[in-house]
Amino acid sequence: MKPKVVVVGAGMAGLAATYALRKHGIDVTLFEAGPCPGGRVIRKEIEGFRIDLGANFFFETYETTRRIAKDLGVPLRRTHIPIHSGIYREGRFHGLYGDTRPSNAWKTARTLLSFRLLSPKGLWQVAKFARMLRARGDDLNSEDVSGMLDLDTGESTAEFFESTIGTEALDWLFGPGLSGYTFAHPEQVGAACAMAIAWQTGMNGVAWPCQPKGGIGAFVDALVDACGPSIRLSTPVRRIAIEGGIAKGVVTNAGFTKCDAVVCATTAPAAVKIAPDLPHAIGKVLGKVTYSRCCRIFFGVDTSPFPRDWYAVAFPRQAGALMTGMSNAAALAPDAAPQGKAIVDALVIESQADELFALGDAQIRERVLSEIHAYFPTMTGKPLLTVVHRWREALSLAPGGVMTELERLRQQNFEDVRGLFFAGDYFGVPSVNSALRSGLNAASAVVEGDSPPGGE
C-alpha cells in the first residue's frame, strides 16, 4: 500500500513536492495557511499591469525549473534584453550591460575603465574575484551545493572580501547587486552563497533571464493545476505530531490528519514553531536560518524614468539613499504593462524597511516617490497606480556555515525523526530554483524511504 503524505506550505517547495509525489501515484494532501498558493512567488493584476510581488523571472541556468516547466508544458523564453543596469556613485549612474555582445561588453568596459565607479585598485579586486569564480564555476550552481561546501567556512560576504579580495569592489559593485538579489547586506549573507549568486547572476556570462508567456505566474498556475485536488487552502497546520521519533501526522483547525510522512515546506522559523518536538540537533540548525526583510513599492507609470533598455539601478549603502534599488519589470517583459507603459519597483531593505513597515501605504508612497524624484526628475508625480508590499521574511540568507549543516541533515534524511522531511529555499543557494529542487528532493526521500506508517 502506498503511503499517505502531508505537505505543509504551498510555496514553490511545497508545490514541487506535491507535484512529484502525485506523479508517483502517492496519496498526498497539501495544506496552505493562506488563501492562495505560490508563497513568495505571487502577483496582482490591476488595470492591465501585472505586478509580481516576489520573483519575476528565472535564469536560464535554473535546470530544475526548466525541467519542471517542460514537464508542465510551459515553454520558457528569453527576455528580449538581458539585465542592463546602473550603479549610482558621485552624482550619476554608471551603466553595466548584462551580456557578452561586443557593443555591450564595450559599454561595460568603458564604465569600468573610466574609474568613476571603481579605482584601479578596485578593478584589480574585481579581476581577482572573477578569476576565483571562474576557477570554481562548475561548483557554484543551485542544483547541487556539495561542490561548494568547502567555501562555506563560516565567513560572511563582508568578512570574506575584507580578508581575501578587498572592500572597494564589494562596496561599489558586488555589494549592491547582492543586496538587490537577497534584500540584505553583505555582512548578513554567507560568503559561499554570495559567490554562487555572483556567478549565476552575471559573472558566468550566460545568466540571461527567461519567463513563460504571461510571466512567472503562468508557471505557478500550471504547477498548481498539476497539484489539483491535493491542495487545501486557508488551512494552517498548527502542529506536526511527533511521537517516539516518528512523524505521526498534523493538526489543523479541522482536527488531526494521520499520515505516513510529512514534508514541511514552510520557512525555517515556521517549521520550528509547528514542530516543537523536534530533536535538538535539527531544531538548532533550523534556528540558524535567517531571512531578509524588504518593502517593495510598485508604481504603474506612463514612461520609465530609466535610460532606454535599462532594467534596474542600484544604490550602494555609501550613497545614503533610502532605496537599495529600482527596476522596471516591463523592460524585461513588455507584456507586464499596457503597451508603452512601465512598472517602477522600488526596493527598501532591512532596518530602513522596518521604518516603512510602521507607516501607512500613503505615507510610504509619498516618501519613496520623493526620493525617486531626487534621482530621476522625469519620474511622474502622479503614478497610474501604487502597490505597497511588505515582506517580513523575504529570502533566506544562508549565513556562513549554515549551508553545510543543512546539507548534512538533508543527506541524512533528517534521520532523528522518521517520516519527517523538510524543503524550502533555505536548502542551497536561495532562489526559486533551489526551492523547487528541495521539494523534489524531499519527495524522492519519501518515495525511497522506509518510514513506518504514522499510525504504528
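Guide: The chain exposes about 18,500 Å², and 51% of that comes from carbon and sulfur atoms. The model is a predicted one.

Visitor: What share of the residues in the chain is buried?

Guide: Of the 456 residues, 59% are buried. A residue counts as buried when its relative accessible area is under 20%.

Visitor: How do you know whether the chain agrees with a compact globule?

Guide: For 456 residues, a compact globule would have a radius of gyration near 23 Å. The chain has 22 Å, so the two values agree. Along the principal axes, the C-alpha atoms fill a box of roughly 70 × 50 × 40 Å.

Visitor: How many helices and strands does the chain have?

Guide: There are 15 helices and 20 strands. Of the contacts between residues at least 6 apart in sequence, 72% join residues at least 24 apart.

Visitor: Where do the mean positions of the positive and negative charges of the chain lie, how many Å apart?

Guide: The mean position of the 47 positive charges and that of the 46 negative charges are 4 Å apart.

Visitor: How many aromatic pairs does a search of the whole structure find?

Guide: The search finds 19 aromatic pairs. One of them is formed by Phe-57 and Phe-59, with ring centres 5.3 Å apart and planes at 85°.

Visitor: Why is the pair of Phe-57 and Phe-59 called edge-to-face?

Guide: Two rings pair if their centres lie within 6.5 Å, and planes over 60 degrees apart count as edge-to-face. The centres of Phe-57 and Phe-59 are 5.3 Å apart and the planes stand at 85°, so the pair is edge-to-face.

Visitor: Why does Phe-57 count as buried, and why does Phe-59?

Guide: The cut-off for buried is under 20%. Phe-57 has 15% relative accessibility, so Phe-57 counts as buried. Phe-59 has 4%, so Phe-59 counts as buried too.

Visitor: What makes Phe-414 and Phe-427 an edge-to-face pair?

Guide: Their ring centres are 6.1 Å apart and their planes stand at 80°, so this pair is edge-to-face. The pair links distant parts of the chain, 13 residues apart: Phe-414 is in the loop between α14 (402–411) and β20 (420–422), and Phe-427 is in the loop between β20 and α15 (432–448). Both Phe-414 and Phe-427 are buried.

Visitor: Which residues do ring pairs link into a cluster?

Guide: The cluster consists of Tyr-88, Phe-93, Phe-306, Phe-315, Tyr-375 and Phe-376.

Visitor: What is the phi of Phe-183?

Guide: Phi of Phe-183 is near 65°, a positive value in a residue that is not glycine. Most residues other than glycine have a negative phi. Phe-183 sits in the loop between α6 (167–182) and α7 (191–203). Its relative accessibility is 14%, so Phe-183 counts as buried.

Visitor: What is the phi of Ala-398?

Guide: Ala-398 is not a glycine, yet has a positive phi of about 45°. The residue is found in the loop between β19 (385–391) and α14. Ala-398 has a relative accessible area of 9% and is therefore buried.

Visitor: How do you know whether Ala-184 is buried or exposed?

Guide: Ala-184 has a relative accessible area of 0%, so the residue is buried. Ala-184 lies in the loop between α6 and α7. Not counting residues up to four places away in sequence, Ala-184 touches Ser-179, Val-189, Ser-292, Ile-349, Glu-350 and Leu-397. Ala-184 and Ser-396 are 212 residues apart in sequence, while their C-alpha atoms are 9.7 Å apart.

Visitor: Where does Tyr-426 lie, and is it buried or exposed?

Guide: Tyr-426 is in the loop between β20 and α15. With a relative accessible area of 3%, Tyr-426 is buried. Beyond its neighbours within four places in sequence, Tyr-426 is in contact with several residues, among them Thr-266, Leu-286, Tyr-291, Ser-396 and Leu-406.

Visitor: How do you know whether Val-368 is buried or exposed?

Guide: Val-368 has a relative accessible area of 0%, so Val-368 is buried. This residue belongs to helix α13 (residues 361–375). Leaving aside neighbours within four places in sequence, its contacts are Ile-297, Phe-299, Leu-322, Met-323, Ala-346 and Leu-356. The C-alpha atoms of Val-368 and Met-323 are separated by 7.9 Å, and the two residues are 45 residues apart along the chain.

Notes:
Residues are numbered from 1 along each chain as its sequence is written. This is a predicted model: local features need pLDDT of at least 70, side-chain atom pairs count only at pLDDT 80 or more; totals for chains, interfaces and linings use all residues. Side-chain values use heavy atoms; hydrogens and water are left out. Helices (H or I, at least four residues) and strands (E, at least two) are DSSP runs, numbered from the N terminus. The radius of gyration is taken over C-alpha atoms; the globule rule is 2.2 Å times the number of residues to the power 0.38. Buried means under 20% relative accessible area, exposed over 50%, partly exposed in between (1.4 Å probe, protein chains only). Contact means heavy atoms within 4.5 Å. Accessible areas come from the Shrake-Rupley method with a 1.4 Å probe; for residues, only the protein chains shown count as cover. Lys and Arg count as positive and Asp and Glu as negative; His and the chain ends are not counted. The place of a charge is taken as NZ of Lys, CZ of Arg, CG of Asp or CD of Glu. Rings of Phe, Tyr and Trp (its six-membered ring) pair if their centres lie within 6.5 Å; planes under 30 degrees apart count as stacked, over 60 as edge-to-face and the rest as tilted.
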